[in-house]
Amino acid sequence: MTAKSTAHSRRTTWRKAKSDVMMGVAVLATVITLLPLFIILTYLVLKGASSLNLAFFTHMPAPVGEKGGGMANAIVGTLELIGLASLMGVPVGIGSGLYLAAHHGSRFASAARFGADVMMGVPSIVVGIFAYAVVVRPMGGFSTLAGAVALAVIMIPLVTRTTEEMLLLVPHELREAALALGVPGWRTTLWVVARTAASGIATGAILAIARIAGETAPLLFTAFGNRFWATSLTSPIASLTVQVYTYAISPFPDWQRQAWAGALVLTTIVLALELGVRWMTRGSARVAR
Amino acid sequence: MAELLEATHDNVAAAVRPARLGAFHVRLLGDRIFNLTTLLLTLVGLSILVGLAIALVIDSTPSLKAFGWGFVVGTDWDPVNERFGALPFIYGTLVSSTLALTIAVPLSLGVALCLSEMAPAWLSRRLGFMVELLAAIPSVVYGLWAIFVLGPWLRDHVEPGLGATLGFLPLFKGPRVSVSILCAGVLLAIMVVPYIAAVCTDVFRAVPQTQREAALALGATRWEMVRMAVLPYGLSGVIGAIMLGLGRALGETIAVAMVIGNSPQISASLFAPSATLASVIANEFAEATSSLYLSSLVELGLVLLAVGLALNIVARALVLGATQRRFEGGR
Amino acid sequence: MDDARERASRTLDAMAEKLVARHLSAYFGQTRAIHDINLAFPANVVTAIIGPSGCGKSTLVRCLNRMHEVVHGARAEGEVLLDGDDIYAPGVDAVQVRRRIGMVFQKPTPFPTMSIEDNVAAGLKLNGIALKRPERDRIVERSLRQAALWDEVKERLRRPGASLSGGQQQRLCVARALAVEPEVLLMDEPCSALDPISTARIEELLLELKASYTIVLVTHNMQQAARTADLTAFLYTGDLIEFGETRQIFTNPARRETEDYITGRFG
């Protein structure tokens with residue numbers, strides 16, 4: 001071997017080694033990134049599972065400083081809030097998605113789409129301030145309605161964008177085939193295009209629900225919290241997220257223990273929704289973030 | 001049979017078409033109702049956006065009037081004497097987010113490279129799914145874990161090391177508690193990596209295969225191919241992803257509020273407690289006693305909104321450009 | 001030669017004109033795609049429209065059932081007369097037009113969420129036309145028979161429409177178009193996505209269908225036009241170059257451009 005080729009092969013070896021090292025670094029980064037996922041889930045189970053008993057699910061919180069009690073009202077509260085929010089947010093979101101997909105090229109639609117994207121960048125605490133200004137202040141107090149409105153505002157742009165993207169994925173030939181049969185535009189959009197995209201649209205809605213189920217900040221001064229059951233839409237309501245937050249930052253070990261349990265329940269609900277939806281649509285096109 | 005078919009034919013014909021084209025009339029009622037309904041729903045969404053901006057501006061007027069531009073540079077946050085300045089929170093937000101990005105960006109790039117260049121499709125899908133699960137965990141759960149696990153761990157195992165080796169820097173001086181900017185920054189990094197990594201993975205996947213092949217055909221190693229073909233092509237997208245991550249870090253409220261200590265002071269050390277724009281609103285809004293107090297908090301929200309929106313808009317434009325360029329093909 | 005052409009035009013005049021295009025132009029935004037077309041499609045006859053890619057054949061045919069305007073920014077000018085009535089007259093409902101002038105597209109598009117029988121009946125069902133079960137079944141059977149698909153699917157009408165082969169799916173689309181009982185059937189390159197055997201079946205179908213319908217066939221395959229069409233129109237860059245009996249167009253074209261295209265000098 002000549003000197004030149006020796007140098008060349010030495011350089012090549014060095015380059016290959018460098019490449020392997022960098023790829024190894026990438027793998028390391030992936031491992032480091034995924035590590036917290038398993039650590040957190042493990043801690044949730046270790047510290048929370050032991051507190052999950054019937055009392056936890058059926059009792060109300062005990063008075064400050066006392067041991068025992070449960071999170072029944074918080075669990076039901078979260079369900080009420082996301083139910084009410086979905087009632088408001090899902091129709092608006094799907095309706096907007098239908099409009100944007102049907103009028104894809106128009107300038108107004110482009111502006112509206114831009115608006116939906118902008119809405120997704122609003123921090124959730126700011127959404128809480130908005131709900132405070134338009135619901136809590138006029139009504140004179142914290143309420144379930146205010147919390148639901150805040151959550152609905154967060155939901156709407158998510159559902160709009162996924163609905164629109166799912167509708168646009170339907171091949172335009174399908175729409176044309178229906179129109180050529182003499183089916184009017186609105187029937188085509190509903191019974192052909194939307195029906196074909198139905199599972200994707202439902203996926204988007206469920207993922208949005210999973211997202212708002214985990215929100216805390218916007219509820220802090222809208223739904224506020226309640227030691228007992230919420231008696232009506234106009235009374236404050238407890239929620240799993242706010243309850244976990246309140247207990248976690250408290251100095252009482254018993255509350256802290258319950259915080260872990262509540263966090264476990266909350267995470268289970270959210271992950272069940274996410275996993276369930278992905279399992280049902282396995283093989284289909286990727287849902288928008 | 002033939003007569004039956006004929007009869008059916010006539011029934012259908014009667015239902016399906018009128019006798020002559022002249023009998024056509026404009027029957028757009030269904031279309032009109034549908035378009036109107038969906039338009040109204042869209043307008044609801046848009047008016048929320050506009051209403052939100054307006055509400056925030058209106059509600060922060062007392063504070064805007066009282067403090068003007070001095071609000072942004074004021075260092076006093078004194079509810080008792082009604083003197084409000086945003087600087088401590090702007091500082092806390094900037095420092096915690098910068099720290100978060102410093103940790104998160106290299107990690108995200110590594111994850112994105114691993115998922116898009118290295119792993120086979122089946123593995124890449126599963127790993128990507130796990131990264132998405134990280135994004136799905138509610139932030140209050142992250143905060144809870146950080147209070148009892150991450151914070152103490154940093155205080156007992158990481159900060160002593162940092163203090164010993166880099167303690168000459170003002171960044172790493174001072175007493176160690178389990179609530180600090182450092183803890184908030186690290187937690188934010190963990191929470192933000194999934195978002196940046198997911199977008200970067202999409203950006204890298206959008207790089208045309210022809211670009212990669214051209215580099216490999218020149219005899220480049222894997223890493224050199226990435227440096228030559230993938231990273232430059234996806235640069236604007238990566239920047240967009242970082243901005244999106246920054247936007248999320250800025251807006252993250254609860255997890256930060258649980259571990260940052262909520263102390264409106266500016267300190268050079270990362271070991272000290274602090275507060276961010278979002279965390280102070282979360283902590284003090286429900287208890288704000290006077291209208292000036294409330295208005296100042298709303299103004300903090302306005303600052304947060306403006307910065308968050310600007311970042312989001314620019315970021316999306318960058319990412320859109322990077323992921324749509326794939327259609328221009330390998331030139 | 002003049003004699004033959006005169007005879008041809010007299011034969012043409014004798015045929016009843018079902019569909020007539022007069023001064024028809026179509027635009028995509030500012031771009032004009034077809035220029036001032038005057039064409040008559042006689043009843044119970046297969047008329048082929050041939051020409052190189054991009055000459056406007058699809059655009060022309062889509063103007064005949066007001067599908068052209070579905071595309072954002074597209075519009076048409078001129079008249080299209082169905083039995084003497086202009087379908088572009090103000091106040092005419094495009095939806096009604098499309099029920100009398102049906103269309104089959106290049107790519108077979110059975111509705112994926114529907115079964116075979118639901119696909120056939122889709123034109124009726126989607127319009128809210130309520131039919132009793134026996135009547136609906138009769139229509140489905142009749143349409144599938146007309147499309148020469150009945151024997152192959154009669155045992156599995158409930159299976160999804162997408163479970164058929166390409167050629168079968170296209171015949172399903174024909175059945176679906178026929179179920180609403182149009183008077184004219186427009187076919188936009190119906191065989192270009194199919195294999196030769198399916199293509200042959202569809203061509204057989206055309207010859208059967210022309211007894212009951214008026215057919216307009218767009219094709220880029222000259223041999224197909226020669227095999228199936230009675231009349232042929234040749235389009236080039238948006239203009240109608242020549243129109244006449246198929247035999248005459250292919251053996252004795254009047255225009256240079258037609259002859260160049262037929263002999264393969266371009267396109």
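Is A217(B) buried or exposed? A217(B) turns out to be exposed, since 9 other C-beta atoms sit within 10 Å of its own; the legend of View 1 gives the cut-offs. A quick note before the views: this is a predicted model, where local features need pLDDT of at least 70 and side-chain atom pairs count only at pLDDT 80 or more, while totals for chains, interfaces and linings use all residues. Residues are numbered from 1 along each chain as its sequence is written, and chains are lettered from A and ligands numbered from 1 in the order in which they are written.

**View 1. A217(B) and the make-up of chain B.** A217(B) belongs to helix α9 of chain B. A residue is called buried with 20 or more other C-beta atoms (placed from the backbone) within 10 Å of its own, exposed with 12 or fewer, and partly exposed in between. Chain B has 14 helices and two strands (DSSP runs numbered from the N terminus: H or I of at least four residues for helices, E of at least two for strands). Of the 331 residues in chain B, 48% are buried.

**View 2. Helix α10 of chain B, residues 222-233.** The expected span of a helix is 1.5 Å times one less than its number of residues. For the 12 residues of α10(B) that gives 16 Å, and the end C-alpha atoms are 16 Å apart, so the two agree. The buried residues here are R222(B), W223(B), M225(B), V226(B), A229(B), V230(B) and Y233(B). They cover an arc of only 160 degrees around the axis, so they lie on the same side of α10(B); the arc is taken over the directions from the helix axis to the C-beta atoms. Their cover includes α1 of chain A, plus α5 (87-118), α8 (181-205) and α9 (209-217) of chain B.

**View 3. Where chain A meets chain B.** The contact draws 69 residues from chain A and 69 residues from chain B, with a contact meaning that C-beta atoms, placed from the backbone, lie within 7 Å. On the side of chain A that touches chain B, α1(A) has the largest share, at 18 residues. That side holds 47 nonpolar, 14 polar and eight charged residues (nonpolar: Ala, Val, Leu, Ile, Met, Phe, Trp, Tyr, Cys and Pro; charged: Asp, Glu, Lys and Arg; polar: the others, Gly among them).

**View 4. Where chain C meets chain A.** Here 24 residues of chain C are in contact with 17 residues of chain A. On the chain C side, α3(C) gives the most, with four residues. The chain C residues split into 12 nonpolar, eight polar and four charged.

**View 5. A hairpin in chain C.** Strands β1 (residues 17-28) and β2 (residues 31-42) of chain C run antiparallel, joined by eight bridges; strands count as paired if DSSP finds at least two bridges between them. A21(C) stands opposite L39(C) of β2(C). Two residues separate the strands, and G29(C) in the turn has a positive phi of about 65 degrees.

**View 6. Confidence along chain A.** Mean pLDDT (the predictor's confidence in each residue, from 0 to 100) is 90 for chain A, with 97% of its residues at 70 or more. Over residues 285-289 of chain A, pLDDT stays under 50. Where pLDDT is low, the predicted coordinates should not be read in detail.

How values were computed: Contact = placed C-beta atoms within 7 Å.
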